[in-house]
Structures are given as C-alpha cells and as structure tokens.
Amino acid sequence: MTRNLTITDVRLTPILVADPPLLNTQGVHQPYTPRLIIEVVTADGSTGIGETYGDTKYLELARPFAARLIGRQVSDLNGLFTVADEIAVDANRVSEAIDVGGLRGVQTADKLRLSVVSGFEVACLDALGKALGLPVHALLGGKVRDAVEYSAYLFYRWADHPEGVAGERDDWGAALDPAGIVEQARKFKERYGFTSFKLKGGVFPPDEETAAVHALARAFPGHPLRLDPNGAWSVATALTVAEELADVLEYLEDPALGTPAMAQVAAGTQVPLATNMCVTTFAEIQEAFTTGAVQVVLSDHHYWGGLRNTQQLAAVCRTFGVGVSMHSNTHLGISLAAMTQVAATVPDLHHACDSHYPWQPEDVLTERLTFTGGKVVVSDAPGLGVELDRDRLEFLHRRWAADDGTLRERDDAAAMRVADPEWVTPTVPRW
Ligand SMILES: O=C([O-])C(=O)C[C@H](O)[C@@H](O)C(=O)[O-]
Ligand SMILES: [Mg+2]
C-alpha cells in the first residue's frame, strides 16, 4: 500500500511545567520552566510528537521552521537540516555566546537551529514509525539492548520555592548537606531502583561537596558516583577534588570551564573527565579529543540536532576511544522516550544516562514512563511508543499563555534573586 507521508500540519504548543527548587552554580530552578511540544501531522493521518526547549529564542525559530515543513515528506530527515539553514537567527540571541549561564556550553546560531531541528526530527521519526508500524529504534537501525540504564540525578535543593513564589510542592524535602544528599539518594533508589548517582555540584565550597560524595560512597558501596560542578572550579581546585575522590568516582564532570582547562585537569589525574559543556558541537570535538581533555561525552539530542546526530557523535567518540553517555536537563516523557530509543541503538554505552525526569511531577503523556531497577524498557510499539494527553497539554499551555513573560525564559540567577536580592551569576572559577 502506498502511503501519503506528506506533512499537512505542524502544531507548536509552548507550555510551562513545574520544576522544583533545584540548586546549581548559576542559582536555582524557577517554579515553572518552558518547553515546546511539536506535533507533525501527515496526509495519511499519522501524528508524531517531539519536545525541545521552549524559551522565546527557540520559539521564534520553530515558527518559521514549522511553516516550511508543510508539503515536505515526513521521511525527509536530512532535509530538516536544509530547512534549518534557511532560518535566520537574530544576532542578539547569540551575542552573549552562552546559554543558561553556560550550563549547556557555547551558544551559536547553528546550535540554536539544531536545538529546534531535534524536536522536529523526533516528531517526524515518531510519525514515520507510526505510519510504518515500526518503533523509532528500528528506523535508527535497530536496538542493541532492551532497556536503557539511567542514573539518579541528585541535587542540592530547598524543600520549597521561596515564600510568596507560586509553585507546586513535592515530598522530596530539602537537601543541603551530606546527610540530605544521602537521604535523597535513598529515595531515588527506593522509588526508581537507580544504582548510579550523579551529584550536581558547584553550589557549595568543594570540601562540602567532596564530603557529600564520600558520604554517598559509604552509604552505597560499589555504586558508580559522579560529581558535576558545571565548570565552577579552577584547575588547581579540580585537581585537589580529583585526588580526594579518586577512589570513589566513576568520572568527574566538567570540573573546570573550557577545553584548555579540562585538558590541564585531565593531564594531572587518572579520574576520567566527562563533559556536556566543552564538547557540545561537532566543531568542538577535534581540540578536546586531540588534547585528551575529555574521556566521556554526554550527548544531549536536543542540542546536538537530534537522534541521528547523536548516533553520529557516538561513532566519532568510538573512533577516538572516548566514551559516550547522555546529558539531561528539565524534560518531559517525550524526550525520555526519544533518549531511550536512541540510547538503545548505541553499541558502546557504558555509563548510565542522566535524566531529570523523576524531578518533573507533570507530563503531557497519557501514561508516565517508568524506571524499574533504574532502567527504562525500550518500547517496540510504533514510533516513540507514547501518547499525548491533549487535556494536560492544553492545561500546561494555558499556564504559559497566562504568564506575563517572566517564566517563559529559563533564568536560574533571576530565580535565585527572589530569595537573595544580592545574588549575581558567580564569576568562574568560583572556587
Ligand atoms: O551539566 C549538566 O548536567 C547540566 O547542566 C544539567 C542541567 O542543566 C542542570 O544543571 C540544571 O538543570 O540545573
Ligand atoms: Mg554536566
């Protein structure tokens, strides 16, 4: 039977989703964070869904992108990059050259475009898979594992958002010291079965964070542990921490900012270094790999340009003997399903992937994805194997529409200033 896979409609729905008061070196998460949900509809009635960042700078690229997709084939995934090249990026959007205070590395016009392409690519793959009756992993060449392992993403956090700030409550409680972090890790293990733990650092002086990692090592002997200060330390501080934690760390993530600093740290320690900050584009690979600056690249399909680019990144890493795993920031179930589908196809995946999903109490799916033994089972259902809950989508969109603009852009430093008016984004290295 010949199918008509022409794209006839594209729907873009910006939403605001609840986010807990998670601390990082920039500040704290806002009570609600923007995401963009993308639906691609084909002439024969398949609808595919994708998800990406929802801040204004992404929306303003997604709209002309969506308009250009009408009439194209949903299977023309390579064509998405051609379409992206046609979209002009406002120079002001990249003038500061960093994104979310640098948490996602360099910001370029291409990377902004790729962050939009990724949402459309996932939606097209989902629609194509549904039309053909094949899971996304089959469209990517087939799965090499039946479940994908994730790590518990531990955060220093407050119990609630600052007084007077509207937000959703949760039962995780505060975690502001080693005991609080161990308690949080126990809950993660109980609720989801995770056996790897990553602590988001760069929040407190390094000796406090080192103490928290030692406390985790005592509480969970033999479990892989990671610490990620998002580049907040000097080379000297990074080397001190690496020495103190050498026996317990699986890897140290972005201890110092930029490839040259990472290369200096790498030269002085046996602890592997991972990154989602100094290698975030193909252009950054050569310098990082030839200087031995990183041993594990944490891919994020959102800003690498989608699932197929993630596979290409994995192939380059494999060629250079560099490990690959996955980075995450606030995302919903569509992205977790997409991450799981692509991770299932990557042969050398030796580290549990990051996921913020357990921190997100809200979703746009009819059924939440679940972690069992720290793993998500790879769906063999057509497409991503998930279904959009239209009522939830509408509810979360109404929250976005009602916002006066303050929450539509993620700004962790601004959120921190609500609690501490003197707060300014720390200069790096912070310690
Ligand atoms: O380096 C990382 O893993 C991240 O930046 C992940 C997230 O952005 C995290 O730091 C956050 O959301 O606060
Ligand atoms: Mg990181």
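Strands here are DSSP runs of E with at least two residues and helices are runs of H or I with at least four, both numbered from the N terminus. Strand β4 (residues 32-42) runs antiparallel to β5 and is joined to it by 7 bridges, pairing being assigned when DSSP finds at least two bridges between two strands.

## Basis of the description

This is a predicted model, in which local features need pLDDT of at least 70 and side-chain atom pairs count only at pLDDT 80 or more, while totals for chains, interfaces and linings use all residues. Residues are numbered from 1 along each chain as its sequence is written, and chains are lettered from A and ligands numbered from 1 in the order in which they are written.

## The shell around ligand 1

Ligand 1 is surrounded by L22, N24, L103, K200, D228, N230, N276, H327, N329 and T330, a residue being near a molecule if its C-beta atom, placed from the backbone, lies within 6 Å of it. Because domain 1 (7-137 + 389-401) and domain 2 (142-377) both give residues to this shell, ligand 1 lies between them; the domain bounds come from an automatic or database assignment.

## Two annotated positions

An unreviewed UniProt entry places the feature "active site" at K200 and H327. These positions span 128 residues in sequence, yet no two of their C-alpha atoms are more than 12.0 Å apart, so they gather at one spot. Such annotations may be inferred rather than shown by experiment.

K200 is found in strand β8 (residues 197-200) and counts as buried, with 23 C-beta neighbours inside 10 Å. Leaving aside neighbours within four places in sequence, K200 is in contact (C-beta atoms, placed from the backbone, within 7 Å) with N24, Y153, L154, F155 and D228. H327 is found in the loop between β13 (323-326) and α12 (333-343), and H327 counts as buried with 28 C-beta neighbours inside 10 Å.

Methods: Buried ≥ 20, exposed ≤ 12 C-beta atoms within 10 Å, placed from the backbone. Contact = placed C-beta atoms within 7 Å.
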